[in-house]
Amino acid sequence: MMADQINTATHPLIGTIISSDDDAMRCALVLARVAFDAGEVPVGAVIVADNKIIGVGANAPITSLDPTCHAEVVAIRDAAKRLGNYRLNDTTLYVTVEPCSMCAGAIVHSRVGRLVYGTTEPKAGVALSAEQFFEKPFLNRIVLVDGGILADECSSIMTEFFALRRAGKKRLKEQLKTGD
């Protein structure tokens with residue numbers, strides 16, 4: 001199953017009651033595993049309004065052949081369709097990894113009120129790591145940002161994915177050297 005095919009009206013996470021940031025991040029981790037299983041970088045996202053999940057997303061740029069199919073953008077699109085409005089006021093986006101610049105822009109433009117991420121992304125994360133995008137004075141929206149929710153679990157799935165990817169590349173290089 002392609003990671004971008006998770007967003008159906010019958011997705012089991014839609015409507016899930018969320019009572020804490022940890023609960024929501026656990027749901028995002030379920031979606032990160034969907035991306036992992038599809039061979040995508042394992043990032044998952046959910047959008048919550050009124051303590052219920054209204055949008056889901058898993059990374060899918062490779063399988064969808066769409067470089068904009070990051071988990072956050074997929075979840076934003078899903079929530080906007082469900083609400084019938086691109087304005088996601090009074091919502092919280094939970095994502096397993098600190099957003100990149102593209103996703104940060106989408107979060108601002110969709111008017112998400114709060115961003116909660118799991119683990120930092122030192123190279124491309126713009127909430128805290130490489131940049132503090134959401135603090136820029138030119139933004140016309142304030143997005144509250146909290147990080148580090150289930151950080152160990154969110155980091156662990158990324159570490160597992162890239163370890164497997166490196167091992168696969170190493171095996172391929174060895175096969176090419178031996179001619180097998």
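**View 1. Cysteines and the disulfide count in the predicted model.** Taking a disulfide as a pair of cysteine sulfur atoms within 2.5 Å, the count for this predicted model comes to zero disulfides. Cys69 is in no disulfide, the nearest cysteine sulfur being that of Cys103, 10 Å away. With 6% relative accessibility, Cys69 counts as buried, a term that means under 20% relative accessible area, whereas exposed means over 50% and partly exposed lies in between (1.4 Å probe, protein chains only). Cys103 is likewise in no disulfide, and the nearest cysteine sulfur, that of Cys100, is 3.7 Å away; Cys103 is buried, with a relative accessible area of 0%. The model is predicted, so that local features need pLDDT of at least 70 and side-chain atom pairs count only at pLDDT 80 or more, while totals for chains, interfaces and linings use all residues. Residues are numbered from 1 along each chain as its sequence is written, and side-chain values use heavy atoms, with hydrogens and water left out.

View 2. Helices (H or I, at least four residues) and strands (E, at least two) are DSSP runs numbered from the N terminus, and two strands pair if DSSP finds at least two bridges between them. Six of the six residues of strand S4 (residues 114–119) are buried, so S4 is largely enclosed by the rest of the structure. Strand S3 (residues 92–97) pairs with S4 in the parallel sense over five bridges, and the chain passes from S3 through helix H4 (residues 101–109) to S4 in a right-handed β-α-β crossover, meaning that, with the strands pointing away from the viewer, the path from the first strand over the helix to the second runs clockwise. Val97 stands opposite Thr119 in S4. Strand S5 (residues 144–147) runs parallel to S4 and is joined to S4 by four bridges, with Val116 opposite Asp146 in S5.

**View 3. The largest pocket and its lining.** A pocket is an open set of points, on a 1 Å grid over the protein atoms alone, where a 1.4 Å probe fits, with protein on both sides within 12 Å along at least five of seven lines; lining residues have an atom within 4 Å of a point. The largest pocket holds about 410 Å³ of space and is lined by 20 residues, of which Val41, Val43, Val97, Glu121 and Met158 lie nearest its centre. Helix H5 (residues 151–178) gives the largest share of this lining, five residues.

**View 4. Val41 in its loop.** Val41 lies in the loop between helix H1 (21–37) and strand S1 (44–49) and, at 23% relative accessibility, counts as partly exposed.

Definitions and conventions: Grid points are joined across faces, edges and corners, and a volume is the space filled by probe spheres set on the points.
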